[in-house]
Amino acid sequence: MQIFYTPDIAVNTELPDEEGQHAIRVLRLNEGAEILLTDGKGTFYKAAIAVANAKHCRVDILEQWSPGKLWDFTLHIAVAPTKNMDRLEWFAEKATEIGIDAITCLNCRYSERKEVKPARIEKILVSAMKQSQKATLPVLTGMTDFKTFVSQPFDGRKFIAHCNEGEKPLIKQIYNPGESALVLIGPEGDFSPEEVTLALHNGFEPISLGESRLRTETAALVACHTLHVLNQ
């Protein structure tokens with residue numbers, strides 16, 4: 001069944017314009033048709049279309065339920081956006097399909113890109129959430145200064161994946177299933193030595209994601225997938 005994203009469905013039973021137009025003009029659904037909605041906050045709604053016209057699509061709620069997350073830990077990945085936005089968007093899409101709670105765009109010393117358009121990434125997250133039949137939309141935070149971000153509290157393990165010399169165990173060697181995790185992934189030029197030192201000072205643990213040198217978006221997705229595998 002087609003899933004529609006309706007963040008305000010608890011207080012407004014009219015579908016957002018884009019979702020309503022897709023239901024009526026593209027799928028050609030008529031009044032009485034049953035559809036599945038999600039508010040992106042963890043709840044699904046079974047509904048029937050009550051009003052279907054060129055300007056409005058209003059529904060009657062028939063049933064609602066909260067299935068819960070498919071994973072029992074919090075996963076937050078903070079990644080420096082690449083120069084080519086398609087690569088960050090690819091990561092955001094695939095991470096949402098696998099399962100992620102939050103994505104933060106990091107502004108680092110060697111970042112190739114200093115600005116992002118959160119609205120475009122948000123649309124990709126919504127599409128991936130619906131495609132993978134999840135009820136929770138990952139929290140997206142736009143460009144955030146590295147120094148500001150690493151000083152913020154996090155209730156769980158904090159990791160930084162960097163390429164500098166030094167002891168860096170594989171994440172599977174030090175992570176315990178069930179622990180919430182925050183992982184920092186740097187830009188193509190890696191974190192600066194000063195950034196690594198600052199992260200370690202703020203409780204981040206250095207980790208390796210394997211012997212291969214990975215692109216930024218690949219490293220971020222490997223971290224996401226590895227943590228899910230370790231929790232199975």
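Analyst: A disulfide here is a pair of cysteine sulfur atoms within 2.5 Å of each other. The model is predicted, and the rule is applied to its coordinates.

User: How many disulfides does that rule give, and why is Cys 108 not bonded?

Analyst: In general, a disulfide is a covalent bond between the sulfur atoms of two cysteines. The count in this structure is zero. The closest cysteine sulfur to that of Cys 108 belongs to Cys 105, and at 11 Å it is too far for a bond.

User: Are these two cysteines buried or exposed?

Analyst: Cys 105 counts as buried because its relative accessibility is 2%. Cys 108 is buried too, at 3%.

User: Next, helices. Which residues of H3 are buried, and what do they pack against?

Analyst: The general idea is that an α-helix has 3.6 residues a turn, so residues three or four places apart point the same way. In H3 the buried residues are Ile 121, Ile 124, Leu 125, Val 126, Ala 128, Met 129 and Lys 130. Their packing partners include helices H1 (17–26) and H2 (85–98), and strands S6 (102–107) and S7 (139–145).

User: What span should H3 have?

Analyst: H3 has 14 residues, 118–131, and should span 20 Å at 1.5 Å a residue; its end C-alpha atoms are 20 Å apart, which agrees. Just after H3, Gln 133 has a positive phi of about 60°.

User: How should I read a salt bridge, and what does Lys 130 pair with?

Analyst: Side chains of opposite charge can pair when their charged atoms come close. Lys 130 forms a salt bridge with Glu 19, with 3.0 Å between the closest N and O atoms. This pair links distant parts of the chain, Glu 19 being in helix H1 and Lys 130 in helix H3, 111 residues apart. Both Glu 19 and Lys 130 are buried. The structure holds twelve salt bridges, and one network of them links Arg 87, Glu 188 and Glu 217.

User: What does Arg 157 pair with, and where is that partner?

Analyst: Arg 157 forms a salt bridge with Glu 179, the closest N and O atoms being 2.9 Å apart. Glu 179 lies in the loop between helix H5 (171–174) and S9, and Arg 157 in strand S8, so the pair ties together parts 22 residues apart in sequence. Arg 157 is buried at 17% relative accessible area, whereas Glu 179 is partly exposed at 22%.

User: Which strands pair with S9?

Analyst: Strand S5 (residues 75–79) runs parallel to S9 and is joined to it by five bridges; in S9, Val 183 is the bridge partner of Ile 77. Strand S8 (residues 157–161) also runs parallel to S9, again with five bridges, and Arg 157 has Ala 181 as its bridge partner in S9. Both faces of S9 are covered: Ala 181, Val 183 and Ile 185 are buried on one side, Leu 182 and Leu 184 on the other.

Key:
Residues are numbered from 1 along each chain as its sequence is written. This is a predicted model: local features need pLDDT of at least 70, side-chain atom pairs count only at pLDDT 80 or more; totals for chains, interfaces and linings use all residues. Side-chain values use heavy atoms; hydrogens and water are left out. Buried means under 20% relative accessible area, exposed over 50%, partly exposed in between (1.4 Å probe, protein chains only). Helices (H or I, at least four residues) and strands (E, at least two) are DSSP runs, numbered from the N terminus. The expected span of a helix is 1.5 Å times one less than its number of residues. Contact means heavy atoms within 4.5 Å. Two strands pair if DSSP finds at least two bridges between them. A salt bridge is a side-chain nitrogen of Lys or Arg within 4 Å of a carboxyl oxygen of Asp or Glu.
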